[in-house]
Amino acid sequence: MHDHFPVPASWRIALPHSAAAVPVARALVRRALAELKHTADGDTAELLTAELVANAVEHTSGETPIELVVELLPTGCQVEVHDPDPVPPADLTRPGVEPPDPWREDGRGLLLIRALSSSCGHRPTGSGKAVWFRLPAVPAQRRPR
């Protein structure tokens, strides 16, 4: 299957439904981007992945694992987190009607994702929902040598 090029590379991994999932998800994204010398911004990808995974763990109940999907595309990367709760995240695609309460921990991550990704959103899946963001590839001349 991998002999005709270019195929988008894609990683898919189940993560425990616990805070331990966050560092694992960060490491996986870092590894995936390094593997292909991919040019999307790895620090941003890690930060936003950590936010998505932390959100999924915090806002869904039960023991069902969450799933991380990392796709590397010629134009950038897309990261998706699948969780078992069908309720969409409130702040991700529509600007909040009132400003987020700074004391509420959960508002910040989604605002960050909206601000730093090239696009983001969510969709229903057979078992819950997937929340995703995309980061564009950084042009070669802007990369440190």
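**A loop aspartate and its surroundings**

Author: Aspartate 85 lies in the loop between strand 3 (76-83) and helix 3 (105-116). The model is a predicted one.

The side chain of aspartate 85 reaches the backbone nitrogen of valine 87, at a distance of 3.0 Å. Once neighbours within four places in sequence are set aside, the residues in contact with aspartate 85 are His59, Thr60, Gly128 and Lys129. Serine 127 is 42 residues away from aspartate 85 in sequence, yet their C-alpha atoms are 7.8 Å apart in space.

Two of these contacts lead on to other elements. Gly128 and Lys129, both in contact with aspartate 85, fall in strand 5, which covers residues 128-136. Strand 5 pairs with strand 4 (residues 119-125) in the antiparallel sense, over 7 bridges. A hairpin of 2 residues joins strand 4 to strand 5. Within this pair, cysteine 120 stands opposite phenylalanine 133 of strand 5.

His59, another contact of aspartate 85, belongs to helix 2, which runs over residues 42-59. Threonine 44 is found in helix 2 as well. Threonine 44 has a relative accessible area of 16% and is therefore buried. Apart from neighbours within four places in sequence, threonine 44 is in contact with Leu116 and Leu135.

Terms used. Residues numbered from 1 in each chain as written. Predicted model: local features only at pLDDT ≥ 70, side-chain atom pairs only at ≥ 80, totals over all residues. Heavy atoms only, no water. Helix = DSSP H or I, 4+ residues; strand = E, 2+ residues; numbered from the N terminus. Buried < 20%, exposed > 50% of the residue type's maximum accessible area, 1.4 Å probe, protein only. Contact = heavy atoms within 4.5 Å. Pairing = 2+ DSSP bridges. Polar contact = N/O pair within 3.5 Å; in protein donor to acceptor, adjacent residues only side chain to side chain.
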